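Colleague: I'm new to reading protein models, and I'd like to learn it by example. Could you walk me through some features?

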Amino acid sequence: MGGTTPPIRLWAAVVGLALAGALTATAPGAEDDVRSVIRIQPRALRDMRLMDSIGADMWSHGVTPRGVDFMVTGAQRGAVERAGIAFETTISDVDALIRAEHERLSAQQGGLAGADFFADFRPLGQIDARLDELAALHPARASVVVVGQSLEGRTIRGLRISALSDPAPAGTPAILFDACQHAREWATPPVAMYIAQRLLDDYGVDPEVTAIVDSAEVFIVPVVNVDGYAWTWASVDNRLWRKNRRINGDGTFGVDLNRNWGDHWGGAGSSATPSSDTYRGTSAFSEPETAAMRNFTQARPNLVANIDFHSFSQLVLASWGWTVEPAPQAALLQSIGNQMKAAILSTHAVDYIAGPIGSTLYLASGGSVDWFYASEGMLSWTIEVRDTGAYGFIMPPSEILPTIEENFAGAMVLAAAALEPAQLSLPAPLPSSVQPATPVSVAVNVFAPSGGAPLAVHALWRVDGAQWQSVSLNAVGNGNYGGAIPGAGCGSEIEVAFDAVYPAQTARLPDAGGFPIAVDSLETVAEDALEIAGWSLGATGDTATSGIWVHGDPVGTTSQPENDHTAAGTNCYFTGQGAAGGGAGSADVDGGATTLTTPPFDASAPGTVVSYFRWWANHLGGNPGQDSMLVSGSADDGATWTLLETVSAGNTAWLGAAINLDGLLVPSTSTRLRFVAADLGGGSLVEAAIDDFALSVAGCDRPADLDGSGAVDGADLGLMLAAWGASGAADLDGDGVVGGPDLAIMLADWG
Ligand code: 0X9
Ligand code: ZN
């Protein structure tokens, strides 16, 4: 508890509670009215609600371990202290930063004319003038486009960049980069303007840029919220304005444009209260700015991709925003997001986090990202640019250039993807190994933002590097195509790839080669139905206060299993005995983590697979899905641990897990596994159980390989002939004598 500044006087804390919200509008004056930014690590949703009730202005967004930043007045800060929420101060005096920025910009007084456009932040008029200038400098490839009019009658403008005629030939993909839906996010218009400038300046120089400009249309809208942006420039007092300038009629102003779009408008993470900074407006697209963006988009059905730039927090975010459930193309979105993140990182070594909004950040319904993706079928991202809170919205101008450079790199990743006719991804991971001679089910997801269904979708495969073969896959819904490829012999390697055929192009996954699948048989070397106790319960550092791992016969609750997994037995390990027929909260894990550790076992054989059945229920009650069970392995008897599996999606069912330790743990005779079930999210139900632990070794059991050389050859024949007429290992059919039938078996497996 407590910040890094001197302790707040008691009266301020009391006043803070009484006047929460009212004080946000007070001009800075007395020491306690200095606005600061503090960072909290919310322990539960309750903390977030409390910050909201205090009237704190959320500046950044909830990615642990970074925490959440709030701007607070001195009085609000006292209220946070009183509430017992620990915080650190990230910016001690916001208004000092704003005043310094204002003085710097006023001193320039147009003195930036002729200077690099990106030397400092630019008011709307200069951005508009620059759009005209770029169009005039590059008439063959750039033209100014009008998106629409704002509430106060300003024009939302942008650039169309393409070497193609306008309108472009049918089938031309189009990409939209927009920025500044939120007025105070000054770092974002320069990002959009820089993408425009690089596409124009580097045309004919940079082959990647040239390809994009030659074969796509790129639309750049640097300021969506023109009224809000103009407002933030009008006075230092307005600098932190976020919404548009709608007169709400109750004395408050503004709708959050990024809660006003028409996908799941009105849902979680948007406010119905006009004074709120996330006020969603009276209906979807009630605001002229979002309606103009919608109309602009729908007038261009060839739009396939979008990035909506925001600040700050350094995040690369994709759908869904309205729910924590995964989007249908979650794997694809994550994979492209990871590539954007990597391109950003490689520019200036600055780390952005890529992930879905709902589970990375917080729920935000009615945002543009979900609308572009769900309603328009586009590849759609929200990128929160620099920084991570040191300056927040009041970024020093020295940060502009690196910020725009790294985000140009990220934008080019998406543009390259947009040139493909379709995006292929795996709806589920392929198996890393399969049994011999068993057909393998395969599936691929085809996401074609330009709308066209593929002429055909194939699985391609080859065995041990031989000729590629192909089989057509059938549409099974949601853009998924499934089928099976034939099995192969033990010890061989199958490579699998996919393609989707379009009239002019074929999309392939992966770009070259295939995903390897080893063909081997698994031999169980040890099995433990866990009927008898013997594992370690708990570990130093455990923090759970209830639901500690126990061994025995579980009593079912709505959340905990009634039966172990083994058909014959009754016992397993589980987190705390609940009351018979008890509610889901009966002896569930509370207050932290509880650890279950296996005894050391021998996993020294390469290809050792550990398997177990697990029960993980975290989907019921309040705050579902906020916790996870971490399964780790140790190759040094528990001294150091490597994460093997994160179990998060909850279920009241026993599910099997099998992990091939190859490449994850060094082979060792003192290997251990541990299962850490934790209740860290806000007051959620957590029940875990483990049963039927087994060790198997992958390999190809070839009885005719008498000398174990890996091949059935002359040496094995020699051994068989030497044992002719006797019994022993060469008696392959087990009839008691080595003879003709055994020779036939050997010859059938020759090679
Ligand atoms: O809350 C927002 O609108 C964005 N963060 S910001 O700090 N710039 O305000 C995040 C948007 C997440 N995306 C959507 N749900 N659309
Ligand atoms: Zn924003």
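Predicted model: local features only at pLDDT ≥ 70, side-chain atom pairs only at ≥ 80, totals over all residues.

Colleague: Where is P421 found?

Modeller: Helices (H or I, at least four residues) and strands (E, at least two) are DSSP runs, numbered from the N terminus. Here, P421 lies in the loop between α13 (400–418) and β13 (423–425). Residues are numbered from 1 along each chain as its sequence is written, chains are lettered from A and ligands numbered from 1 in the order in which they are written, and side-chain values use heavy atoms, with hydrogens and water left out.

Colleague: Is P421 buried or exposed?

Modeller: Buried means under 20% relative accessible area, exposed over 50%, and partly exposed in between (1.4 Å probe, protein chains only). P421 has 11% relative accessibility, so it counts as buried.

Colleague: Which residues is P421 in contact with, leaving aside its neighbours within four places in sequence?

Modeller: Contact means heavy atoms within 4.5 Å. With those neighbours set aside, P421 touches A448, S450, Y502, Q505 and A507. As for F447, 26 residues away along the chain, its C-alpha atom is 9.0 Å from that of P421.

Colleague: Now the metal. What are the protein donors of the zinc ion (ligand 2)?

Modeller: Donors are N, O and S atoms within 2.8 Å of the metal (3.2 Å for Na, K and Ca); water is not among the atoms, so sites may look incomplete. For this zinc ion, the protein donors are H182 (ND1), E185 (OE), E185 (OE) and H310 (ND1), at 1.9 to 2.3 Å. Along the chain their spacing reads H-x2-E-x124-H. Distant parts of the chain are linked here: E185 sits in the loop between β7 (174–179) and α6, while H310 belongs to strand β9 (residues 303–311), 125 residues apart. E185 counts as buried because its relative accessibility is 2%, and H310 is buried at 2% as well.

Colleague: You mentioned β7. How many residues of β7 are buried?

Modeller: Six of the six, so β7 is largely enclosed by the rest of the structure. A174, L176 and D178 point one way, with I175, F177 and A179 pointing the other.

Colleague: Which way does β7 run relative to strand β8?

Modeller: Strands of a sheet pair through backbone hydrogen bonds, either parallel or antiparallel. Two strands count as paired if DSSP finds at least two bridges between them. β7 and β8 (residues 217–221) run parallel, joined by five bridges. With β9, β7 also pairs in the parallel sense, over six bridges. Look at L176: its bridge partner in β8 is F219, and in β9 it stands opposite N306.
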